[in-house]
Amino acid sequence: MLILLGGEKGGTGKTTLATNLAVQRAQHGHDVVLLDTDIQGAASYWARVRQDAGRTPRVPCLHKYGPGLQADLQALTAQAADIIMDAGGRDAVELRAGLVTAARAYLPVQASQFDIWTLDHLEELVLADTVIYDRIAYRRAAREGKAVHELVPPDRKASAECALFYEEVFDAA
Ligand SMILES: Nc1ncnc2c1ncn2[C@@H]1O[C@H](COP(=O)(O)OP(=O)(O)O)[C@@H](O)[C@H]1O
Ligand SMILES: [Mg+2]
């Protein structure tokens with residue numbers, strides 16, 4: 001199953017959510033591949049840091065982008081592993097290939113204070129149930145090649161909201 005984290009904006013948390021989902025999926029005993037389709041390669045850097053630190057579970061990461069990606073996605077999904085695809089923040093061939101192939105696509109948006117004041121209206125537009133809050137723990141975990149629940153000491157609220165997101169994505173509740 002291909003899960004896409006995409007959207008046309010940068011800095012909304014796509015890579016953060018992709019890395020957190022990938023670690024949780026591996027910890028639940030599934031074969032998972034983190035597919036970094038952003039030429040900037042942030043997810044790949046994270047995976048390298050994780051690997052160099054010897055963290056388990058290992059999260060295999062592929063870095064692929066460009067016009068051939070659509071065919072690669074079909075081949076990868078046929079191999080049955082769960083693929084968590086991190087797309088760059090722009091309208092590009094990668095995002096389009098992901099959108100046509102993904103079983104589920106999540107397009108995170110960063111809510112501004114203006115959005116929060118009009119949350120009732122926003123809720124009609126937002127389909128995901130999970131809200132991820134702005135927490136320093138996400139930045140710390142990223143630097144260390146970790147998912148947020150692997151931090152020592154843990155940030156309970158961040159861990160809980162990421163676990164909820166995992167349950168939502170994989171219907172694992
Ligand atoms: N929920 C969060 N709380 C605090 N910082 C976050 C959160 N999600 C992401 N960040 C930080 O914001 C920056 C952009 O996040 P990133 O996941 O790289 O976004 P994208 O992949 O959409 O460009 C990174 O420095 C990341 O550590
Ligand atoms: Mg990114």
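Visitor: Where does Pro-153 lie?
Guide: Pro-153 is in the loop between α7 and α8. Helices (H or I, at least four residues) and strands (E, at least two) are DSSP runs, numbered from the N terminus. This is a predicted model, in which local features need pLDDT of at least 70 and side-chain atom pairs count only at pLDDT 80 or more, while totals for chains, interfaces and linings use all residues. Residues are numbered from 1 along each chain as its sequence is written, chains are lettered from A and ligands numbered from 1 in the order in which they are written, and side-chain values use heavy atoms, with hydrogens and water left out.

Visitor: What is the omega of the peptide bond from Val-152 to Pro-153?
Guide: Omega is near -5°, and the bond is cis. The bond from Thr-56 to Pro-57 is also cis, with omega near -5°. Pro-57 sits in the loop between α2 (42-52) and β3 (61-63). Most peptide bonds are trans.

Visitor: Why is Lys-146 called buried?
Guide: Its relative accessible area is 11%. Buried means under 20%, exposed over 50%, and partly exposed in between (1.4 Å probe, protein chains only). The value of 11% is under 20%, so Lys-146 counts as buried. Lys-146 is in the loop between α7 and α8.

Visitor: What makes the pair Lys-146 and Glu-144 a polar contact?
Guide: Their side chains are joined at 3.0 Å. A polar contact is a pair of N or O atoms within 3.5 Å; within protein, one must be able to donate a hydrogen and the other to accept it, and residues adjacent in sequence count only if both atoms are side-chain atoms. The distance of 3.0 Å is within 3.5 Å, so the pair meets the distance limit.

Visitor: Why does Arg-156 count as exposed?
Guide: Arg-156 has 68% relative accessibility, which is over 50%, so it counts as exposed. Arg-156 lies in helix α8 (residues 156-170).

Visitor: What makes a space a cavity and not a pocket?
Guide: On a 1 Å grid over the protein atoms alone, a cavity is a set of points where a 1.4 Å probe fits but cannot get out; a pocket is an open set with protein on both sides within 12 Å along at least five of seven lines, and lining residues have an atom within 4 Å of a point. Grid points are joined across faces, edges and corners, and a volume is the space filled by probe spheres set on the points. By this rule there is one cavity of 30 Å³ or more. The largest cavity has a volume of about 40 Å³, and its lining is Ala-47, Arg-50, Gln-51, Arg-55, Arg-58 and Val-59. The second largest pocket holds about 150 Å³; among its lining residues are Gly-7, Lys-9 and Leu-107.
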